[in-house]
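Biologist: Could you take me through one part of this protein up close? I would enjoy a connected account.

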Amino acid sequence: PPVRGPPVTVRESGPSSARHPRAASMAWTVTSRSLSFSRRRAALINRVSPRRTAARQAPSRRAPAPRKHNRRGGAASVAMGFYKGLVVLSALIVAGYIGFSLMVKAPEQKQLPQPPQGGTQAPVIPGANAGSSGAAKPEDPMALNRRKNVYTILLAATDKDGTRTDTMMVMCYDTEKQTVGVVSIPRDSLIDRGSGHHPKLVYGKGGVEQRVEDISQMLGIPIDGYIKVNIKGFITLVDYLGGIDFYVPCDMDYDDPIQDLSIHYKEGQRKLSGQQAMEVARFRKNNDGSGYSDVGRTQTQQKLLIALAKKVLSWDSLTKVNGFVEIFNKNVSTDLTLDNMMYFASQAINLDPSAAVETATLPGRGDGVFRGYSWCFELDPEGTLETVNRLINPYDRDLTLKDMNLTKATSYTQG
């Protein structure tokens with residue numbers, strides 16, 4: 001039932017209340033009843049609708065104001081996304097660099113066996129104490145110590161049959177200074193392998209591994225590895241690069257049906273295909289006997305090698321890496337491991353073939369006779385020593401003739 005409001009209370013005041021005590025009593029009674037009625041009404045409302053009471057007692061909450069579009073906040077989100085992308089990219093680069101570093105490994109620096117100093121003297125250990133004085137023994141000033149980050153590699157090319165190392169060059173690469181020395185060794189260089197063995201370097205059993213040992217003992221330097229390429233691989237590489245620009249040093253007019261050679265070129269600048277570059281590299285003399293000797297041929301081969309290196313290291317060749325790998329796998333043999341070659345490739349990025357590569361050929365005379373073999377190339381001792389020390393010596397001191405093992409011819413065909 002609807003609840004009616006309390007009755008209106010009329011109070012008398014003033015002199016009339018004092019005059020009429022009954023009226024004052026009636027007013028108090030009405031007031032008390034009104035207060036009791038108000039309490040009962042409030043209790044009744046709470047029992048009927050507690051939610052409404054709680055709603056009335058709870059403080060009012062205002063609806064949140066609609067958010068305004070913040071352009072600055074949107075730009076900050078884009079910037080934060082870009083920053084996170086850079087962080088991820090940087091992490092990938094660092095991870096890739098670490099992975100590449102783990103795969104790259106410099107080759108081992110080899111040493112020549114030290115000859116005995118005579119008698120039974122024990123080898124001196126650097127840093128060992130001398131007697132009871134505690135003083136360290138001085139290091140041998142004639143000791144051969146390898147320079148750090150300096151490596152020697154034999155570059156060899158075989159003939160058409162692939163049995164003889166027709167071209168031999170020793171390359172010394174200083175990866176710290178970014179310099180390269182290349183010395184060509186004439187194929188008929190005289191070497192004493194002992195009685196019953198061919199004294200010309202190009203011949204003999206053992207393949208390129210034996211040539212490495214022969215050259216190492218002859219020149220007194222260690223060879224850290226070899227790279228051997230056949231003629232087909234050379235031709236394929238030059239063609240793959242689109243040919244090379246080269247200056248033909250002289251008129252060439254030579255025919256050799258046995259080796260299937262027909263070389264005919266005029267002196268001057270021209271662009272050579274793979275087959276033409278091979279023919280120029282193999283030329284030594286004309287049909288009438290003119291031309292140049294093995295020394296002249298090795299000099300031409302050096303120039304071809306530098307021209308080829310410039311083409312390989314140019315920016316235009318960066319997209320041809322897969323082709324290089326395929327040619328290498330089919331036509332090149334080496335004792336270097338994959339991580340060794342990756343090390344040299346990573347170092348060669350900073351190499352300038354035009355300024356950092358110096359070449360030379362070991363000097364001598366080619367009319368030597370030794371144990372019945374004629375036209376052996378006898379190396380000139382002083383000239384060979386100077387060339388080796390200047391370009392391919394991997395040690396921290398200059399070599400002497402005592403460090404080398406150069407063979408002298410017994411006679412000469414031209415006096």
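Modeller: Happy to! This is a predicted model, in which local features need pLDDT of at least 70 and side-chain atom pairs count only at pLDDT 80 or more, while totals for chains, interfaces and linings use all residues. Residues are numbered from 1 along each chain as its sequence is written, and side-chain values use heavy atoms, leaving out hydrogens and water.

The residue after α6 is G242, and its phi is positive, near 85 degrees. Helices here are DSSP runs of H or I with at least four residues, strands are runs of E with at least two, and both are numbered from the N terminus. Within α6, which spans residues 231–240, the buried residues are I231, G233, I235, L237 and V238; buried means under 20% relative accessible area and exposed over 50%, with partly exposed in between (1.4 Å probe, protein chains only).

α6 also meets α9: the buried residues of α9 pack against α6, as well as β4 (225–229), α8 (294–312) and β9 (332–334), where contact means heavy atoms within 4.5 Å. In α9 (residues 321–331), G323, F324, I327 and N331 are buried. Seen down the axis of α9, these residues fall within an arc of 100 degrees, so they line one face of the helix; the arc is that of the directions from the helix axis to the C-beta atoms. On the other side of α9, N322 and N329 are exposed.
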